[in-house]
Amino acid sequence: MSYDLTTQFTGLKFVNPFVLASAPPTESKRKILKAFEAGWGGVVTKTIGLHPVENVAGPKTIFQRASEEKPYVSRNKRADTVSHSSWNWELISDQPLEQWLPDLEEIKTTYPDRMVIGSIMAGAGNEEELENWRKLARAVVNAGCDALELNMSCPHMDRKDMGAHIANDEDIIRSILGAVTGAVDVPVWVKLTPATSTLVDAAGAAYDAGASCISLCNTFPSLPLMDPETFKFEVEVDGLVTSGGLGGLAILHQALQRVSDISRAYPDKAISGIGGIKGFREAFNFIAHGAGNLQICTAAMEEKGSGGIGVNLIKDLTTDLGDYLERKGYSSIEEFRGIARERIVEHSQVRRKSDAYNGGYAKSA
Ligand SMILES: Cc1cc2nc3c(=O)[nH]c(=O)nc-3n(C[C@H](O)[C@H](O)[C@H](O)COP(=O)(O)O)c2cc1C
């Protein structure tokens, strides 16, 4: 049987389902062109905004590795370590919109068959900010973006009307989607924060208000470790640190659970799965829980010698997915997408040694 890595997702044709997530691998025209040359099916641009952006006066991202050696998890270089996570406190793109627009046009002209999703972010709660969303949306779509991803998940904003802060508010989600879908005619993806107990409701509000897809997860809010001897954090500026985002392998299982929650609540809706994908095995798990598209950041950044865009990673992902489809006799990922969904159940539905357990409730007579 012949297989096909092409996927239709939110009405767009991806030559393969693997997309570089909004982050340093997609922060510039140079990197995006290199990524497409390497074979990535699409990119979500580093988030573009209109508000002032200035990053910390120190490293923006660290890569933490695990080993048997002390310290167990650390950015410290040691022999025989394996990747554990990325930790970052980077803000959105500091490249102005005016510079992005000609870059996006050139990228799309050079690679018309690759999907470019423009990630955008503005504030909320007043007409001026809704107009900022419209302005960003129209501009990047006119420059050639095939879809948008609305960033409602950036964990690094003091502004309470932006990023992860707004993803708990269904009215705000609806108002932003109303503004954006009224301004442009492309699929609108919404990237929600995993750091909320109301994720499923937030996703429902977004779908209901016109989102074509929920993308998740963004990084999980977290703190870097402090050294017990020196009292220094593994990353700090003038001894100070703030909440940053954990990504990479360490968030894989949590990301899968979030994707599963949304996928089971809205089985007919599209999900772009993100969080800890390092190779086919992790990608498979997201697809099994219902994702029809996969986004990757940390593993691409960590790859040595490829300029942080995962040249070998995309080759391995496409080869391994192709081999899998061939071996299993599947013609596309659609044939196994969502196969895990019905096997995720309530605690009380999992067999006990006796039949007395009723999820903590007394059994009714
Ligand atoms: C350094 C860095 C910068 C990021 N910047 C953005 C961003 O601008 N917009 C966004 O939506 N997500 C951003 N992310 C989150 C990633 O797109 C992705 O959701 C997250 O890293 C989880 O995927 P991973 O486990 O493959 O890294 C950033 C992540 C990192 C590590």
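**Strand pairing, core and ligand shell**

Within strand β12 (residues 213-216), Cys213 is the bridge partner of Trp189. Helices (H or I, at least four residues) and strands (E, at least two) are DSSP runs, numbered from the N terminus, and two strands pair if DSSP finds at least two bridges between them. The model is predicted; local features need pLDDT of at least 70 and side-chain atom pairs count only at pLDDT 80 or more, whereas totals for chains, interfaces and linings use all residues. Residues are numbered from 1 along each chain as its sequence is written.

Strands β11 and β12 run parallel and are joined by three bridges. Between them the chain passes through helix α5 (residues 199-208), in a right-handed β-α-β crossover. A crossover is right-handed if, with the strands pointing away from the viewer, the path from the first strand over the helix to the second runs clockwise. A right-handed β-α-β unit is also made by β10, helix α4 (residues 170-183) and β11. Strand β10 (residues 147-152) pairs with β11 in the parallel sense over five bridges, and Leu148 stands opposite Val188 of β11.

Strand β11 (residues 188-192) is largely enclosed by the rest of the structure, because five of its five residues are buried. A residue is buried if 20 or more other C-beta atoms, placed from the backbone, lie within 10 Å of its own, exposed if 12 or fewer, and partly exposed in between. From β11, Val188, Val190 and Leu192 point one way, while Trp189 and Lys191 point the other way.

The largest nonpolar core holds 103 residues, of which Val140, Leu148, Ile176, Val180, Ala206 and Ile214 touch the most other members. Helix α3 (residues 127-142) gives the most to this core, with seven residues. Such a core is a set of buried Ala, Val, Leu, Ile, Met, Phe, Trp, Tyr and Cys residues joined through C-beta atoms within 7 Å. Among the contacts of Val180 beyond four places in sequence are Trp133, Leu148 and Val188; two residues are in contact if their C-beta atoms, placed from the backbone, lie within 7 Å.

Helix α3 also contains Glu129, which is buried, with 20 other C-beta atoms within 10 Å. Not counting residues up to four places away in sequence, Glu129 touches Ala122, Gly123, Ala124 and Asp161.

An open sheet of five strands has the order β7-β6-β8-β14-β13, with antiparallel pairing. Its edge strands, β7 (73-74) and β13 (220-222), each pair on one side only. Strands β8 and β14 (residues 244-247) are paired over three bridges, and Asn88 is opposite Gly245 of β14.

Asn88 is also among the closest of the 29 residues that surround the ligand, together with Ala21, Gly247, Cys297 and Thr298. At least two residues of the shell come from each of β8 (82-88) and α8 (298-302). By class, the shell has eleven nonpolar, 15 polar and three charged residues; Ala, Val, Leu, Ile, Met, Phe, Trp, Tyr, Cys and Pro count as nonpolar, Asp, Glu, Lys and Arg as charged, and the others, Gly among them, as polar.

Thr10 has a positive phi of about 50° although it is not a glycine, and Thr10 is buried. Phe231, also not a glycine, has a positive phi of about 60°, and Phe231 is exposed, with 8 other C-beta atoms within 10 Å.

Notes: A residue is near a molecule or strand if its C-beta atom, placed from the backbone, lies within 6 Å of it.
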